[in-house]
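User: I have just opened a structure that is new to me, and I would like to go through it slowly. Please start wherever you like.

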Amino acid sequence: MTDIIEPIAEVPLADQTEARGLGCTVSNVREVFAIGAGEWACRVDLTFDDGSVETVDYVARVDDAMHTGQWVVARIQAGYGGTVGTAAEYEAWKASREAADWTAKADADRKAELRAEAARVRWERETGGVVWSGHDVSTDRESQGKVTALYTLAVGGLVTAANWKFSDGFATLSAAEIQALGLAIAAHVQGAFDAEAQAVAAIEAGQITTKADVASAILGTSNE
């Protein structure tokens, strides 16, 4: 970590203002990291009216319009009695904190978060598109509905051909091609849900224990 300038002058506590709606004041600044020009990630102590203290994350910016933010910036610029870490050190520090927080969670809470992450990643895979017959095909929910409707008409013999717009332009699809497109999207969507189901089973079995593992399991599995 890189030392900053020695404190020029202590910022009087009287210059603090009450954090709006919280009934507290910022009473200390700690663990500061320079993450951009005139921008710092830090931890600040909030002293509440009842005397209790809570340490929270805070991003301070030189152009902060809030008096509380200006006070934090002034403390940092005045030396605040500590050191300022680099952006890379901040990422490592944040990762370490997140790992510690994750470990401290109850097993049921961790699994609930992992299941929620599995649903999010499945949605990402499901709606992320698929390549069919050399075309990039949208698979968002609206596109799925349109293809399903056209597929149904083609299967029923009510449509024999249709112009379909792909990301690279229009193509005229025969009834057989419409059905093939519909089946391809259905397989893509089902594959995403199958991957989520497998990931959830692994979560419950304790075989998947991190969000990174969830993403790897769902995005790295494909039946296409």
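**Strands, rings and cores**

Analyst: A hairpin links strand E8 to strand E9 through two residues, where helices (H or I, at least four residues) and strands (E, at least two) are DSSP runs numbered from the N terminus. This is a predicted model, in which local features need pLDDT of at least 70 and side-chain atom pairs count only at pLDDT 80 or more, while totals for chains, interfaces and linings use all residues. Residues are numbered from 1 along each chain as its sequence is written, and side-chain values use heavy atoms, with hydrogens and water left out.

User: OK, and in which sense do E8 and E9 pair?

Analyst: E8 and E9 (residues 169-174) pair in the antiparallel sense over six bridges, given that two strands pair if DSSP finds at least two bridges between them. Within this pairing, Trp164 stands opposite Ala171 in E9.

User: Where do Phe33 and Tyr90 lie?

Analyst: Phe33 belongs to strand E2 (residues 24-36) and Tyr90 to helix H2 (residues 87-104), so their pair ties together parts that are 57 residues apart in sequence. Phe33 is buried at 4% relative accessible area, and Tyr90 also counts as buried, at 15%. Together with Trp93, Phe33 and Tyr90 form one aromatic cluster.

User: And what about Trp132 and Phe166, stacked or tilted?

Analyst: Their ring centres are 6.2 Å apart and their planes at 25°, so the pair of Trp132 and Phe166 is stacked. Trp132 lies in strand E6 (residues 130-132) and Phe166 in E8 (residues 161-166), so this pair ties together parts 34 residues apart in sequence.

User: Back to E2, which strands does E2 pair with?

Analyst: E2 pairs with strand E3 (residues 39-48) in the antiparallel sense over nine bridges, and two bridges join E2 to strand E5 (residues 83-85), with which E2 runs parallel. Phe33 stands opposite Gly85 in E5. E2 and E3 form a hairpin with two residues between them, and Gly38 in the turn has a positive phi of about 65°.

User: Which residues have the most contacts inside the largest nonpolar core?

Analyst: A nonpolar core is a set of buried Ala, Val, Leu, Ile, Met, Phe, Trp, Tyr and Cys residues joined through side-chain atoms within 4.5 Å. The largest one has 17 residues, and those with the most contacts inside it are Val137, Trp164, Phe166, Leu173, Ile178, Leu181 and Ile185. Helix H5 (175-204) is among the elements that give two or more residues to this core, and its five residues are the largest share.

Definitions and conventions. Buried means under 20% relative accessible area, exposed over 50%, partly exposed in between (1.4 Å probe, protein chains only). Rings of Phe, Tyr and Trp (its six-membered ring) pair if their centres lie within 6.5 Å; planes under 30 degrees apart count as stacked, over 60 as edge-to-face and the rest as tilted.
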